[in-house]
Amino acid sequence: MLQTNLLAPGHSDVVTHVTYDFYGERLSVATCSADQKIKVFRKTQEGTWDQETEWKAHDAPILHLSFSHPVHGSLLASSSHDRSVRVWEEPTGRERDGRWIERAVLTGAKGSVKQVEFGVADAGSEPRVATISTDSYLRIYSSADPSLSDWSLHQPIHIPTLPTPGSTDEPTVDGPSNTSSGELANGGWGISWCKERWWGSIIASFSGLSPIIKIISIPLDTSSSSTSLLFLNPPQSSSTSPLTSVSWAPSCGRAYHLIASGSRDGTVRIWRIEPPGEKLRVDYNDNDESDNHVGWKGDCVAEFGKGGARVGMVDWNATGTTLTTTDDEGVVRIYKPTYARSWKLLGQMTAEEPPYEGENGQ
Amino acid sequence: MAPAPTGFSFSTPSGGSPFSFAPQSQKPPASGPSTFPLGSSSSFAAKPSAPASNQDADGMDEDEAIEDGEDEDEVETCYLQPAAYPKGEKKKWKASGRTISATVSPAGGEIASWVTKKPASNPNEPSQLSSTSLSISDRTIFFTSLSSLPNSLIQLYTESHLLFTSLQQIVAESHSRRLPSVGMEKIAEAWDRRGNLVGVESLLGPPDAETIMHMRRLADLYLDQLAELKGNQDVDVELRTRFTAFYNILNLAEVLYLPVDGKGEGLVGEELLDWVNDVDPAPDNSQGNDIMSTKNPWDHPSFFPYVSRCILRGFHLPAASFLRSLTNHSYTPISRLASLLAQHLSIIPRSTEERWRVDLEFLQAHKQWLAKFRAELASFTGGRGRGKWFEVDTYRAWESDFRIVVELMEGKPTRILEEASDWREALGAWGTLVDVDMRRDHLPEVMAMILDKIPVDTTLQEDAIQSALCSAEIIKALMGCYDLDIWLSAHLGDLLDKLELVPDDEQRFEIPLRDYFLLEYAEILQNNPKYSAFWRVICDYLNYAGQEGRNRLKSHIMRISISLDSTQKGKTKQIDSQTAINQDEGMDVEEEGESKEIQEAVRLLDEVRAACGEFKLEEEFKMISQILAGKLIRIGEYGMAASMSMMAGDGWALSRIAETILDAYISDGDEEFLRLVDTLPPTLLSEAPTALAELQSQLDPSSGLPDLPATSALSIFASRLTFLSEFRDYLLFLTQGARDRAASKLVGLLTSGIAPVGIWAVLLVESVTLLEDSEILFSSNETFELLRVLEEVKSNATFAPSDYLLQLIQYLQQISKSKTDQAENSQKGMKIGFEEGWKKLDEVRLALARNLARALVGGFDSPF
């Protein structure tokens, strides 16, 4: 591991979020209060970053960014303290150096929109964007219109009152009383799509003070309501500190999925999720049907960092084989599974000055 | 029949114990130089594949230990520059409301991190820093890479790739060659209870001798590459050491597991000895010269040790000549004995001599030699016992030195083990002195005896791996390689796996060990800043790394960025302005630079297409084409977009392109239309009418109803493209002055059903000038047809005006705009609405009526 480069994005306030596009060739950077701008950079052949464009995107600090899958075009979504999500499309031809074109302002949230994430694509599907805000509602918007100017909101999902998987309860429609100030101060809100479409649109989400990751199946049409598939409760005697981030690893066709989460008290968990057994196989297999469980199931396969500083983010690489985390100690850590199926800390990064003048690392 | 595995393989199927790697599973890897010396001083060097020093965590509890302070100290830390705060001022920095965040690139393993604000206590309010002034680090995004490869490694990785793929092909071919020899009933058994094909390969057993010989040749080529690198003075010295280690391990593996004859039934002693002498050359020549140059060489303190070393290392002639120097010794028994030993030493039979037709001849010769040697020795000693060889007291002590030589020559195990400086030397001597009949199968047993007396220094990774290979502890050896270097474990693992020497370990691995190593290796390639140069190499390794590799290959290939649209950046603007000023000059210069980039992109696209074909990734290639087509449509490169859509089999995209081009006619006029149509692949246009005709011929002749749904993507895009082609012909006729042909084309367009409804009104308006030509260009029948279309447009437009009239209005706007441009009056142009459209249609009706009258009265179909 080594530092390869640096970039001064030239914002007038600290950066709030950075996101790569599908190919890792473009970077979009958003900033906090002072300038409310988005900047887009493109990687040069030499590996440096050239600014392509910048524009003022919101009326309040921008919190999160997400690029769409390229099959849906060159789209960028941004969420903000101004309670909106905006969808931007890269201009073509002449307006190339100008700001991206605003295709939608997605509203409805009754709090800051903490996170926004474009769904995964398969051919012919329409772009979807999931958002979560401090009102604890997961909102999903999609656009069937090729010009992307018409986005419809799916049934909003109130995460705290989701019925447990398998229960027949109707989701509470009227929702909660307002989020309490304690919950606001200590809670967290996050989402992460399942990166495969085999089982339909599935998203992991958490909200408020709850330490539970809720895995929800999102119907294709805008009118049907979603179904809870699995709740990931922290293991017994483990920390019940509120979550701060969640990330669903690309499974690359493996038979299981990995989901990582970070908590306010520094706990990082890795969950191993198994989808229901394949139906086809059941037909061939009369003897050990017990292997073919009906629903989704999940086990916590690793847990570390209890009692540490708040985890800022958790994120997987493209093959779902290394996990990157940050915490309020200012440390970025990279974990990797070993051949013994445990997880090891591969390396870490800090912005602290090196221990001795002139000596790096070691 | 597959050759019996007992030949060279140590893996007697019943045994299995050599393969159990339970013993080393709890063992932490050697804490030696496990870091990857990347030769970069500005960062900590890390090898993502190599377990860090604290990796012996096994299970969750130990995982937690990872985070504990002392362990963390051992983890490699990258200090980001410029630093955010001085050492010891972390608290202050944290208290200012700052924290760090990061994001991971989906390709290349890059991590971007940046200093940001902690969330505010009210998440609906913006966070604040205690002070608003920003430091340099606050304004920086730091990029780090998980692995970075020095050039010499890149050279090895690139060159060995070709050998790796050849190896896969050779073994695959041997499988298909041998497959028919497996009975059908066995193949039937290859289906498991769940109905999955479990791979017929496993029925075949290890490869045949011929294949193993081929494999050996490829292993030789791996070795050649390593030899070149380890000897290259330009390569960093640490790396050369590593390459030497790779070379020695791979070479040993070749000696043991890829025998020259492909069977491995022969004697292995001399080959092993050669390997030992190669890995650790001894004795030192200069020391020998030193000894011989003294007046009485035997007075040199290293005389006898040097002779012993020579014998152990198989240098019997030099040893003999050293001993011969003793013939000048003044004490006769010594000179006699020395001469006797030298004589026999120089004629010890060696299995490498060419005079043996079969091993047995050599073995008998050796036996005879030993018997003769012992007999003559006995006659020298004359039955004198220990301590009595030399009767003069001064020379009595010489006996022990001579005994060592004698016992080494006799191959006395205890003596060999005492004299050998390490286990390797002992092993080398064993097969040439102790057990001249040593075969590969005997090695584990021999190794056990040797290691019992001379244990391996486990802190030396290389030694641990080599001894494990000799002991047939394959898993242990591979795990050691994995700790040493991922290239080595991937390629050696692949070779050994092909020989079916690597057992599955489902307890610890969900995938075969070989695949695991290959995936780890591919990941090193993927997680490095130059990954894009390796994309094809990565494809091959992933493709051959089992199901998981195949799955990763699918997502890998999708993320190869093909910048067919990259040239638009900034440049388009210049070109546009330049073309406007001067179309002839200026553009060429720009286009050269541009076309080079485009050529690069097209070449990459061709390679990706070829790769998708080779790896049977049709779905992925469709998706790639679809994405590219979308990008190209957005930048107006319709021709290339159409080609991409064809590759994607995306009829909808093709008809979208056709519609876009037609829109260009309506909004920009015929010149733009013709330019765009000409960018389309000619075959696309020329084949479209045939394709459409074929589709139409599938109409059920009796009912006239199509078998296919009329709106199927295929028929729509075929008809759209046909329309484009026919409409172009119409415009060309018009510009060429062939007005009669233009007229009949126009009628054809409106009556054949290929024109989209939106354009009908436009075509009708187009007909006006032709209708009012001085010549009569439309027959009465044609005019009736046009009238019918006009009525349809008018009646439909009453309830769906935008569907039927919108394009007409845009068309009228365009015409009036170009007119007003000429008239230098831009005010008027934009005021055209539906009313204008209706009016225009009335004009058409009038023109049609007039033409009908003319056609009936004076035309060629006049009834009069």
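What is the order of the strands in the open sheet of 4 strands in chain A? The order is 15-16-17-18, with antiparallel pairing. This is a predicted model, in which local features need pLDDT of at least 70 and side-chain atom pairs count only at pLDDT 80 or more, while totals for chains, interfaces and linings use all residues. Residues are numbered from 1 along each chain as its sequence is written, and chains are lettered from A and ligands numbered from 1 in the order in which they are written. Helices (H or I, at least four residues) and strands (E, at least two) are DSSP runs, numbered from the N terminus.

- Strand 15 (190–193) and strand 18 (227–232) of chain A are the edge strands, each pairing on one side only.
- From one strand to the next, the twist averages 25°.
- Strand 17 (residues 213–218) of chain A pairs with strand 18 of chain A in the antiparallel sense over 5 bridges; two strands pair if DSSP finds at least two bridges between them.
- Opposite A:Ile215 stands A:Leu230, in strand 18 of chain A.
- Strands of a sheet pair through backbone hydrogen bonds, either parallel or antiparallel.

**Strand 4 of chain B**

- Strand 4 (residues 141–145) of chain B is largely enclosed by the rest of the structure, because 5 of its 5 residues are buried.
- A residue is buried if 20 or more other C-beta atoms lie within 10 Å of its own, exposed if 12 or fewer, and partly exposed in between, with C-beta atoms placed from the backbone.
- On one side of strand 4 of chain B the buried residues are B:Ile141, B:Phe143 and B:Ser145, and on the other they are B:Phe142 and B:Thr144.
- Strand 1 (residues 2–7) of chain A runs antiparallel to strand 4 of chain B and is joined to it by 5 bridges.
- Strand 3 (residues 110–117) of chain B is also antiparallel to strand 4 of chain B, with 5 bridges between them.
- B:Phe142 is the bridge partner of A:Leu6 and also of B:Ser113.

**Helices of chain B**

- Helix 14 (residues 332–345) and helix 15 (residues 359–381) of chain B pack at an angle of about 175°, with their axes 11 Å apart.
- Helix 14 of chain B is therefore roughly antiparallel to helix 15 of chain B.
- The contact involves B:Arg336, B:Leu337, B:Leu340 and B:His344 of helix 14 of chain B, and B:Phe373, B:Glu376, B:Leu377 and B:Phe380 of helix 15 of chain B.
- Axes are lines fitted to C-alpha atoms, for helices over the stretch in contact, and angles run from 0 to 180 degrees between N-to-C directions; angles over 145 degrees count as roughly antiparallel, under 35 as roughly parallel, 65 to 115 as roughly perpendicular and the rest as oblique.
- Two residues are in contact if their C-beta atoms, placed from the backbone, lie within 7 Å.
- Helix 30 (residues 638–648) of chain B is mostly covered, with 8 of its 11 residues buried, including B:Tyr638, B:Met640 and B:Ala648.
- B:Gly649 follows helix 30 of chain B and has a positive phi, near 60°.
- B:Glu792 lies in helix 37 (residues 780–799) of chain B, and B:Glu792 counts as partly exposed because it has 14 C-beta neighbours inside 10 Å.

- Residues 55–89 of chain A are 0% helix and 54% strand, with the end C-alpha atoms 12 Å apart.
- Residues 236–274 of chain A are 0% helix and 51% strand, with the end C-alpha atoms 20 Å apart.
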